[in-house]
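Thanks for coming. I will go through one structure today, starting with charge and then moving to fold and aromatic rings.

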Amino acid sequence: MPAVTIENPLTLPRVAAPAGARTRPVLTVNTAPSGFEGEGFPVRRAFAGIAYRHLDPFIMMDQMGEVEYAPGEPKGTPWHPHRGFETVTYLLDGTFVHRDSHGGGGVINDGDTQWMTAGSGLLHIEAPPESLVMSGGLFHGLQLWVNLPKSDKMMAPRYQDIGGGRVKLLTSADGGALLRLIAGDIDGHQGPGVTHTPITMVHVTVSPGAEVTLPWRADFNGLAYALAGRGTAGAEGRPFHMGQAVVFGEGDALTIRADESQESRSPNFEVVLLGGLPIREPMMHYGPFVMNTHAELAQAVEDFQAGRLGTIPADAL
């Protein structure tokens with residue numbers, strides 16, 4: 001980790017918050033609890049315990065791994081349904097295969113992203129390829145759930161395969177941080193992900209002792225999650241480390257800083273920054289369905305049970 005990098009960040013476009021920008025304060029730091037998902041791969045629930053008013057339009061995020069599988073151990077998820085939101089799978093190490101009942105699918109490797117808009121509903125599966133199951137190996141990634149507004153919840157499903165080579169690479173003012181812009185806009189630079197709900201998603205690698213202050217839309221919320229290493233958030237220097245999420249308050253700039261010394265397995269501070277325009281609609285969540293009302297959730301369950309969310313492709317049975 002990370003898979004997408006560059007030898008000399010100083011050759012990249014530089015971004016910095018304008019003079020006089022209001023740096024967002026830190027409201028809270030939460031530690032993600034650990035658990036298991038799918039067929040048993042380990043996850044950290046990045047946003048567990050954070051009030052939805054701070055997350056909106058994000059619903060949840062899992063850090064999958066980091067785990068070194070022995071041969072025969074890699075696991076995925078069985079076929080399962082979704083309706084009413086988007087899933088974003090960002091892989092740092094390993095390989096994952098996606099298939100769905102709407103015809104979407106592909107393989108993601110180190111640094112790639114799969115963006116699935118479930119919309120009106122589909123069935124899908126995420127699993128390691130047979131070659132990885134046979135060989136074992138390192139697996140590490142993120143899955144983010146992004147809500148859709150009521151007007152888009154029943155749109156046709158869509159699939160985006162975002163190769164790591166398409167990610168927009170940027171750097172901080174002094175070159176001490178490498179930014180991988182996956183979706184959204186930072187200082188006029190646009191990431192490749194096409195979103196229905198306006199968001200920004202960026203994976204930042206901060207060198208030991210370096211600090212980065214980025215411009216951030218004032219109407220967006222602000223979240224940070226540490227994938228590896230340790231450092232601080234906000235001008236006040238609130239400490240956080242791997243497996244912890246930061247909720248920022250209001251302002252138009254975000255600041256994170258890496259500690260001078262880092263853990264031996266990760267020489268840099270690895271952080272995912274997220275921001276989005278709050279939808280401010282009722283959000284009802286039941287398993288793989290995210291709707292606005294209990295009646296809509298009940299309808300989603302009924303539609304799934306009746307086979308109206310799609311069928312598993314014949315060659316996958």
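For the charges, Lys and Arg count as positive and Asp and Glu as negative, while His and the chain ends are not counted. Each charge is placed at NZ of Lys, CZ of Arg, CG of Asp or CD of Glu. On that basis the chain has 22 positive and 34 negative side chains, and the centres of the two sets are 5 Å apart.

This is a predicted model, where local features need pLDDT of at least 70, side-chain atom pairs count only at pLDDT 80 or more, and totals for chains, interfaces and linings use all residues. Residues are numbered from 1 along each chain as its sequence is written, and side-chain values use heavy atoms, with hydrogens and water left out.

Next, the fold. The chain has three helices and 27 strands; these are DSSP runs, H or I of at least four residues for helices and E of at least two for strands, numbered from the N terminus. Of its 317 residues, 54% are buried, meaning under 20% relative accessible area with a 1.4 Å probe and protein chains only, where exposed is over 50% and partly exposed is in between.

Now the rings. The structure holds three aromatic pairs: rings of Phe, Tyr and Trp (its six-membered ring) with centres within 6.5 Å, called stacked for planes under 30 degrees apart, edge-to-face over 60 and tilted for the rest. In one of them, F240 and F269 have ring centres 5.1 Å apart and planes at 65 degrees, so the pair is edge-to-face. F240 sits in strand β22 and F269 in strand β25, 29 residues apart. F240 is buried at 2% relative accessibility, and F269 is buried at 0%.
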